[in-house]
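Me: I am new to this structure, and I would like to learn how to read its features. Could you take me through a few of them?

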Amino acid sequence: MIVIVLIDASDPLAEQKKLVTEQILASLGCTDKNTLYVYNKCDKLDFVPTFSDQKKFESVFISAANGFGTDTLLEKIDGILAKSKRNVKFLFPFDMSSAVSNLYKNATVEYQEYTQDGIEVKALVDEKLYGMYKDYIPE
């Protein structure tokens, strides 16, 4: 899961609003979630923060108006999502083909093979799918 906090970089009160948002997230129990701060409207700033600033603050600086930084935003989201996924081999009974279909819809399936014991599937799954099907991970 990713929490994306969108901040208007041109707003003089941006940092104060960011702190309020952090307090709200804390009250909701979201402090343990991956959080990415997205500063939009960087085209209205006198300077654009450097890449080292982005790494330092777990943030990205973009301009939705002209597309600046959107590639970096997507890369950061991909990186965060990749960290929360795992490669798992499942062995489903033949009557659980709906689980295999679900993996094809919601995960990245590397292979599927019918064996004498059931349907073997290797997939890159998120925590939710892992929790749903962990009983079908062979020892």
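This is a predicted model: local features need pLDDT of at least 70, side-chain atom pairs count only at pLDDT 80 or more; totals for chains, interfaces and linings use all residues.

Me: What is the phi of Lys41, and where is the place of Lys41?

Reply: Most residues other than glycine have a negative phi. Lys41 has a phi near 70 degrees, a positive value in a residue other than glycine, and its place is in the loop between strand 2 (34-40) and helix 2 (51-56). With a relative accessible area of 31%, Lys41 is partly exposed.

Me: How many aromatic pairs does the structure hold?

Reply: Rings of Phe, Tyr and Trp pair if their centres lie within 6.5 Å, and the structure holds 6 aromatic pairs.

Me: Is the pair of Phe94 and Tyr114 stacked or edge-to-face?

Reply: Planes under 30 degrees apart count as stacked, and Phe94 and Tyr114 are stacked, with 5 degrees between the planes and 6.4 Å centre to centre. Phe94 is partly exposed at 45%, whereas Tyr114 is exposed at 55%.

Me: Which residues lie over the face of a ring?

Reply: Lys18 lies over the face of Tyr37, at 4.5 Å from the ring centre, and Arg86 lies over the face of Tyr130, at 3.8 Å from the ring centre.

Definitions and conventions
Residues are numbered from 1 along each chain as its sequence is written. Side-chain values use heavy atoms; hydrogens and water are left out. Helices (H or I, at least four residues) and strands (E, at least two) are DSSP runs, numbered from the N terminus. Buried means under 20% relative accessible area, exposed over 50%, partly exposed in between (1.4 Å probe, protein chains only). Rings of Phe, Tyr and Trp (its six-membered ring) pair if their centres lie within 6.5 Å; planes under 30 degrees apart count as stacked, over 60 as edge-to-face and the rest as tilted. A charge sits over a ring if NZ of Lys or CZ of Arg is within 6 Å of the ring centre and within 35 degrees of the ring normal.
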